[in-house]
Amino acid sequence: MDLKPKSVPIHLSEITSKKDYLSRRDFLKQMGIVTAGAALLAACGTSADEAPAPLATSNLPSDLETDSLSNELTEHESIISYNNYYEFTTDKERVAPLAKDFKSVPWTVEVSGLVNNPKTFNMDEILSQFTIEERIYRMRCVEAWSMVIPWSGFTLASLLEAVEPTPDAKYVRFETVNDPDQMPGMKNGLYPWPYQEGLRLDEALNDLTLLATGLYGEPLPSQNGAPIRLVVPWKYGFKSIKAIVKIELTAEQPSTLWETIAPNEYGFYANVNPDISHPRWSQASERRIGELKRRPTLPFNGYAAEVAHLYEGMNPAKLY
Ligand code: MTE
């Protein structure tokens, strides 16, 4: 689809529900309008270092009202009020109020390690350099609940291409901001902060792997990982690290926060697999937030066609 970027005067405060979001999308589609992040910023007469991340919805596919399996979107209110973000608290419903004043402007992401062009990007550069798309993904938490979330963001592959990994690079390591003054949960000393995650390079380069900067047509809310987080939809949600400040290409498999604490419960691969139980509960089914009946969990969270080939010949028990 070849749509010319234009700015549209939409007030973010107007976008409050699934209904509003879908009707706004219909409006944009009818008008043939897309908003590029930089264009909207320009329209607001401000720079990304002063303003929250812009509404960024370029390359709108034509039928993005459900996910690839025709699942309905989870309500906006649930996505922004039921969160896992241990740097704030382990209480899902208290994350949003505690993260309300989290300052994510200005922000930089350092991309370093085994690359030819190491670079520290500010959000302005990120939002103008990479193609922002909307993607609706299922998210399956290791705790056996799930949501369907409309993200906006860009492929991690496009960022990695820009820094050119060297032939020695085999893994990608991610790190969350280390800011106990803003994140009260970090002061409890129970976890080896900062939050760290990792992917194998081929997983990182897969087209599904996204760096999200928005959801539901809005800039990413603090409780969901503002201003930039990873989304890896075929893995349990804990791999999708929030508030990223560092991305490092490495030769060795990086250690991750959850694997460090409980390697038998939260492995490095963490691929969604209904046949391999967590040591303390089954992973065969899940509770979709907003639904009453549990639904079966799908291998690779329903993305086997896109990613199963990455693991050919590997022992499935090692991929949990
Ligand atoms: N990233 C950081 N930095 N800290 C966290 O506690 N929780 C993870 C993941 N990313 C977490 C994180 C877990 S367990 C899940 S299920 C998802 O974020 C939840 O994302 P959401 O709150 O946007 O639904």
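Modeller: What follows begins with the ligand and its surroundings and then turns to the backbone.

This is a predicted model, in which local features need pLDDT of at least 70 and side-chain atom pairs count only at pLDDT 80 or more, while totals for chains, interfaces and linings use all residues. Residues are numbered from 1 along each chain as its sequence is written, and side-chain values use heavy atoms, with hydrogens and water left out.

The ligand is surrounded by 16 residues, the closest being Tyr86, Glu87, Arg229, Ser240 and Lys242, where a residue counts as near if one of its heavy atoms lies within 4 Å. This shell is made up of seven nonpolar, six polar and three charged residues, with Ala, Val, Leu, Ile, Met, Phe, Trp, Tyr, Cys and Pro taken as nonpolar, Asp, Glu, Lys and Arg as charged, and the others, Gly among them, as polar.

A polar side-chain atom of threonine 176 is 3.0 Å from a nitrogen atom of the ligand, and a polar backbone atom of asparagine 84 lies 3.3 Å from a ligand nitrogen. Asparagine 224 places a polar side-chain atom 3.0 Å from a ligand oxygen. Of the 530 Å² that the ligand exposes when taken alone, the protein buries 98%, as computed by the Shrake-Rupley method with a 1.4 Å probe.

A cis peptide bond, with omega about 0°, joins alanine 226 and proline 227, and proline 227 belongs to the loop between strand 8 (218-219) and strand 9 (229-231). Tyrosine 216, in the loop between strand 7 (210-215) and strand 8, has a positive phi of about 55° although it is not a glycine. These features deserve a second look because most residues other than glycine have a negative phi, and most peptide bonds are trans.

Technical notes. Polar contact = N/O pair within 3.5 Å; in protein donor to acceptor, adjacent residues only side chain to side chain. Helix = DSSP H or I, 4+ residues; strand = E, 2+ residues; numbered from the N terminus.
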